Amino acid sequence: MDLGLDLGPHASFIWAAYGVVTVVIGAMIAWLILDGREQERRLADFAARGVKRRSASRA
Amino acid sequence: MQQGYLLASAGLPVVHLRFSAQPLRSFSMTQTLTQRLANPTRFMELSASVLPWVAGAAALVIGYGLYLSFFVAPPDYLQGETARIMFIHVPCAWLSMAVYAIIAMSSFGLLVFRHPLADVSAKAAVPLGAAFTFLALVTGSLWGRPTWGTYWVWDARLTSVLILFFLYLGLMALRSSIEDEALASKLTAILALVGIVMLPIIKFSVNFGNTLHQPASVIRAGGPTIDTALLVPLLVMAVGFTLMFVAMHLKAMRNEIMRRRVKALQLAEVERAQASQLAAAE
Amino acid sequence: MSAFLALLSRDLRLAVRQGGALGTALGFYMLVVTLLPLGLGADLNLLSRIAPGVLWIALLLAALLSLGRVFSSDYEDGTLDVLATGRLPMELVVGAKALAHWISTGIPLALMAPVLGLLLNLELSAYPLLFGTMLAGTPAISFIGAVGAALTLRAYRGGLLIALLVLPLYVPTLIFGMAAINGLLGASGTMSAFLILIALSLASVVLCPLAAAAALRLQMQ
């Protein structure tokens with residue numbers, strides 16, 4: 001890690017902490033985006049096949 | 001069934017009619033208010049326009065906060081560079097509690113006001129809250145090793161966050177092990193409210209137990225009052241993480257609403273197929 | 001009130017007649033306490049120091065074992081539906097069943113604790129304290145446990161789930177139970193933790209039936 005930073009003797013702990021946070025939050029964001037795409041795809045699929053929710057005809 | 005189906009097809013959980021056996025006195029009043037504010041379709045439109053702005057703001061603020069915490073904030077005069085872990089640890093710890101409060105409020109909204117979005121909000125927030133609690137524990141332990149010389153101490157604060165994590169796990173486990181989704185929502189809401197009542201008692205008991213068992217080795221948490229040079233980056237990061245949570249929560253709620261619509265459409269399709277089969281048989 | 005007492009005595013009679021649950025819980029309690037010295041080493045000084053904690057934790061686990069049955073057998077054979085439509089409010093039904101659980105399981109387990117204390121080289125002077133604090137704390141265990149049992153009534157993998165939901169909620173009972181023993185044994189002989197333990201039990205007797213009854217009503221419909 002050479003960012004022009006000298007984080008002292010415990011640098012590995014600092015990098016580990018920031019690393020874990022990045023990985024976990026990154027994973028959550030990726031899951032949210034992928035899950036959203038999946039649901040959108042399925043909705044579009046239904047729309048293409050002409051399946052409608054009943055409330056759609058009410059509106 | 002028919003009525004329940006109608007609601008399900010509007011993207012709402014089926015709960016609302018099936019459990020209307022005990023009507024609320026103020027039902028009609030709250031109904032108009034919540035309908036205006038909490039119609040899922042309206043929510044989808046509103047959140048779609050708000051989400052990019054919140055997410056963008058979160059990215060900017062966290063970026064600025066990271067810059068401050070690595071390049072501007074001086075090393076702490078007691079702990080040196082390791083104090084930089086604080087800038088991510090404290091926001092995670094703050095969110096771990098704030099998210100539980102949101103879950104409890106949503107659960108209350110579901111049980112008492114039958115707010116159509118309350119359950120969506122509670123369900124979407126639980127995994128996020130669990131993740132932030134996990135991060136608070138891990139970063140705390142990585143901070144503890146260089147400063148206290150150990151990854152874990154049975155300090156009151158650590159212990160109560162660990163138990164909070166177990167409460168989150170319980171919420172997820174209960175919801176996932178009941179097949180009827182509407183029932184699972186309501187039972188999980190009850191558990192969340194029991195949890196919010198118990199949390200202060202747990203916190204109190206852990207504090208009490210600690211003063212008895214533990215020597216004063218750990219009462220450094222927080223230490224001397226924080227210097228503004230450290231406080232400003234911390235606040236910036238806290239605001240950034242909160243914005244990020246809001247964006248994630250909105251996105252998770254959108255996903256959940258879409259998932260429920262997909263489910264309603266599948267039901268509609270199956271029902272139609274059955275009807276046409278019946279017609280063909282006759 | 002008579003309906004409450006009738007339900008209570010019915011549950012107690014059932015517990016006596018099908019003694020299996022109590023026997024299992026007591027046997028489990030004994031086994032956990034037996035296993036611990038085997039795992040920790042048989043140092044008598046160490047054992048007598050940790051004995052109250054070991055006995056408390058083993059008691060929590062043993063009480064958990066029998067909790068799953070508080071509502072489930074009545075739910076399966078339809079008794080709970082009859083009770084739900086009866087005159088007795090659901091809160092009192094829960095109260096009667098949790099009370100029956102306390103009398104049929106909590107008290108025997110607390111009575112057993114001093115006997116097991118012999119195995120752990122616990123000082124004789126601590127026996128009344130141990131028994132007293134357990135008697136004061138076990139109502140909280142039964143009533144908080146009833147909430148867990150009500151919530152998991154229709155869940156699959158009920159047994160493990162109940163442990164995951166309820167054990168975190170037992171933390172205050174455990175801590176104040178231990179603190180009560182230490183406080184009374186210590187030089188100062190302070191009562192405060194013991195009083196808090198009693199308050200905790202009384203509060204859970206009042207509040208837990210509300211949550212459990214709400215959960216049961218949702219599942220009866």
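Q: Is C:Asn121 buried, exposed or partly exposed?
A: C:Asn121 is partly exposed, at a relative accessible area of 33%. Buried means under 20% relative accessible area, exposed over 50%, and partly exposed in between, with a 1.4 Å probe and protein chains only.

Q: What should I know about the model before going on?
A: This is a predicted model, where local features need pLDDT of at least 70, side-chain atom pairs count only at pLDDT 80 or more, and totals for chains, interfaces and linings use all residues. Residues are numbered from 1 along each chain as its sequence is written, chains are lettered from A and ligands numbered from 1 in the order in which they are written, and side-chain values use heavy atoms, with hydrogens and water left out.

Q: Back to C:Asn121. Where is it found?
A: C:Asn121 is in the loop between α6 and α7 of chain C. Helices are DSSP runs of H or I with at least four residues, strands are runs of E with at least two, and both are numbered from the N terminus.

Q: What about its phi?
A: Phi of C:Asn121 is positive, near 60°, in a residue other than glycine.

Q: Which residue in chain B has a positive phi although it is not a glycine?
A: B:Arg114, with a phi of about 50°. B:Arg114 sits in the loop between α5 (86-113) and α6 (118-148) of chain B.

Q: Buried or exposed, that arginine?
A: B:Arg114 counts as buried, because its relative accessibility is 9%.

Q: Left-handed or right-handed?
A: α6(C) passes α7(C) in a right-handed crossing. A crossing is left-handed if the near helix is turned anticlockwise from the far one by less than a right angle, and right-handed if clockwise.

Q: What residue classes are in that contact?
A: The contact of α6(C) with α7(C) has 18 nonpolar, six polar and no charged residues. Ala, Val, Leu, Ile, Met, Phe, Trp, Tyr, Cys and Pro count as nonpolar, Asp, Glu, Lys and Arg as charged, and the others, Gly among them, as polar.

Q: How does α2(C) cross α6(C)?
A: Helix α2 of chain C (residues 20-40) has an axis that comes within 10 Å of that of α6(C), at a crossing angle of roughly 30°. The two are therefore roughly parallel. α2(C) passes α6(C) in a right-handed crossing.

Q: Switching to chain B. What secondary structure does it have?
A: Nine helices and zero strands. Of the 282 residues in chain B, 53% are buried.

Q: How do α4(B) and α9(B) meet?
A: The axes of α4 (residues 40-72) and α9 (residues 228-281) of chain B come within 7 Å and cross at roughly 150°. That makes α4(B) roughly antiparallel to α9(B). Their crossing is left-handed. The contact residues of α4(B) with α9(B) divide into 29 nonpolar, five polar and three charged.

Q: And chain A, how many helices and strands?
A: Chain A has two helices and zero strands. Of its 59 residues, 31% count as buried.

Q: What's the accessible surface of chain A?
A: About 3800 Å², with 61% belonging to carbon and sulfur atoms. Areas come from the Shrake-Rupley method with a 1.4 Å probe, and for residues only the protein chains shown count as cover.

Q: B:Cys92 and C:Cys208, buried or exposed?
A: B:Cys92 is buried at 0% relative accessible area. C:Cys208 is buried at 12%.

Q: Where does C:Gly53 lie?
A: C:Gly53 is in helix α3 (residues 44-67) of chain C. C:Gly53 is buried, with a relative accessible area of 16%. Its C-alpha atom is separated by 9.6 Å from that of C:Ile181, 128 residues apart along the chain.

Q: And C:Ser201, where is that?
A: C:Ser201 lies in helix α10 (residues 192-220) of chain C. C:Ser201 is buried, at 5% relative accessible area.

Note on methods
Axes fitted to C-alpha atoms, helices over the stretch in contact; angles between N-to-C directions. Parallel < 35°, antiparallel > 145°, perpendicular 65-115°, else oblique.
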